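I opened my notebook today to look into how parts of this protein are packed, and I wanted to keep each step in order.

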Amino acid sequence: MSLTAQRSAIVDLGSNSVRMVVFEGVSRNPQPIFNEKATLKLGRGLDSSGRLNEDGVTLAMDVLGRFHTVARAMGAEPFEVLATAAVRDATNGPDFVAAIRARMPGVPIRVLEGEEEADYSAKGVLCSLPQADGLVADIGGGSLELIHVADKQYYEAVTTKLGVIRLHDRAKGSVEQAGLIANEMLAEVKWLPGMTGRPLYLVGGAFRALARIQISRTQYPLNLVHLFSLAEKEARDLTDWVISSSKKTLEKLPNVPRKRMADAPFAAVVLRALIERVKPSKIVFSADGLREGWYMKHIASSVAQEDPMVALTNEMSSRLARSASLGYPLARWTDSLFPDETPMQKYLRYLACDLSDIGAYDHPEYRAEQTYKRILHSNGVAFEHSARAFIGLALAVRYEVDINSALLEPSRKLLSRSEIDRAIRLGLALRLAYTLCAGTKVLLEECRILIEDKKLVLILGARSVRAAGGAVLRRFERLADVMALELQVREE
């Protein structure tokens, strides 16, 4: 396949900023290989003047010219520009689009209607969370899109003028006045009460800035905004803190973009109004929105029905493990050790087994560390934080990590005691299995493990007996000890 056919590019031209993302390949997990943003503030003053900010228009021409050059040099095709609320609503929007076309010849420039914008945002969230069932709120500089998602599609959708730049301008910089405006506008969305008690999925740079603030001020163990989640009370506390804090206080927080600090209180006002109106069961921040929605709709529709986590583990295993076919047999081999697990626990265990050999080609001294960090920091769109912590811990144990190592602190903070115990049990079982089978399916099939009469029983076939040794017995004893069971070895 040619380089051009493998890459696609999207420019998201918003009211506050413009960003270009170049995706590599066609996979269930979008792979961005170029991601650059510039702050334009095209929507500043739009409500009073009816026109795009002239300084932003001038800057946009330079930025878009650079994006055009980069995308063409990278062989991106298709390559498209999507413009949203500010360009859609401004009287000089058509002239601006004409100027872009002259600067970027041959590149489609689309000005999205509010419902189209909502459609892309919904598809972006469903890219990460195909089982999402609740309210998506996508905030930009000029608008806030609200979308009801369920059953892998979206239903009601509405666009409101609650973007952070527009809200700031309408409220004349008053956070208190912005709160009144937000409540008034949300009260006009008649279907919103039907979202009460469901998850609230937050999309957009200003909401992501709130997540970064919370991650920083609470010293959360993962610096990942995507799929960072909060309980309703935590989210209320966050909005109250942001609204009452000075800009100087906000700017002192590490790993929080300073350019977003002026917008943060207005994003917090909108979030607080949403929380008061729908009382969500939880709040989930999504880094995937319009751009990923475009990717799934135009580039990866053929793989949209795949499970994103299964696709991720299959890809990682095929690239990094000695055998990409051992995951399922290992999962079945460990079934008997987890008789009371929930469907979600079983799902995560099977994923961990699929990933259980991805440290095979790392240096032996660093396999545990490298594998743990690889799982914790991998770019998987559906990889929730607790799942990262569980699978990472299990695989670090599989590679014989020191269980008291500071390396594992994220898992200790993100998992309950019972989940930590399950991860350790799974990791020890995998270590035993690999010692028995040396990563081969034929030797794994020669042995079984089960719980019988309060004993952990290892059953060895003829070839397994010949392959077994002192290391097998030590690892079997360690697993039995953790499970508080007597052990027994049988031959058959």
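**Entry 1: helix H5**

I looked up helix H5, residues 93–103 of this predicted model, and found that its buried residues are Gly93, Phe96, Val97 and Ile100. Seen down the axis of H5, these buried residues fall within an arc of 100°, so I noted that they line one face of the helix. On the other side of H5, I found Pro94, Asp95 and Ala102 exposed. I then asked what covers the buried residues of H5, and the cover includes strand E1 (7–13), helix H3 (54–73), helix H4 (85–89) and strand E5 (109–111).

**Entry 2: helix H15**

Next I turned to H15, where six of the eight residues are buried, so this helix is largely enclosed by the rest of the structure. I wrote down the buried residues of H15 as Gly327, Pro329, Leu330, Ala331, Trp333 and Thr334. Their cover includes H16, helix H20 (417–437), helix H21 (441–444), strand E12 (447–452) and strand E13 (455–460).

**Entry 3: the cavity**

How many cavities of 30 Å³ or more does the model hold? I found one, and the space in the largest cavity is about 60 Å³. Its lining has 13 residues, and Ala321, Ser323, Leu326, Asp357 and Tyr434 lie nearest the centre of the cavity. Sorting the lining by class, I recorded five nonpolar, five polar and three charged residues. Helix H15 (327–334), from my previous entry, and helix H16 (343–354) each supply at least two residues of this lining.

Key:
Residues are numbered from 1 along each chain as its sequence is written. This is a predicted model: local features need pLDDT of at least 70, side-chain atom pairs count only at pLDDT 80 or more; totals for chains, interfaces and linings use all residues. Side-chain values use heavy atoms; hydrogens and water are left out. On a 1 Å grid over the protein atoms alone, a cavity is a set of points where a 1.4 Å probe fits but cannot get out, and a pocket is an open set with protein on both sides within 12 Å along at least five of seven lines; lining residues have an atom within 4 Å of a point. Grid points are joined across faces, edges and corners, and a volume is the space filled by probe spheres set on the points. Helices (H or I, at least four residues) and strands (E, at least two) are DSSP runs, numbered from the N terminus. Ala, Val, Leu, Ile, Met, Phe, Trp, Tyr, Cys and Pro count as nonpolar, Asp, Glu, Lys and Arg as charged, and the others, Gly among them, as polar. Buried means under 20% relative accessible area, exposed over 50%, partly exposed in between (1.4 Å probe, protein chains only). The arc is that of the directions from the helix axis to the C-beta atoms. Contact means heavy atoms within 4.5 Å.
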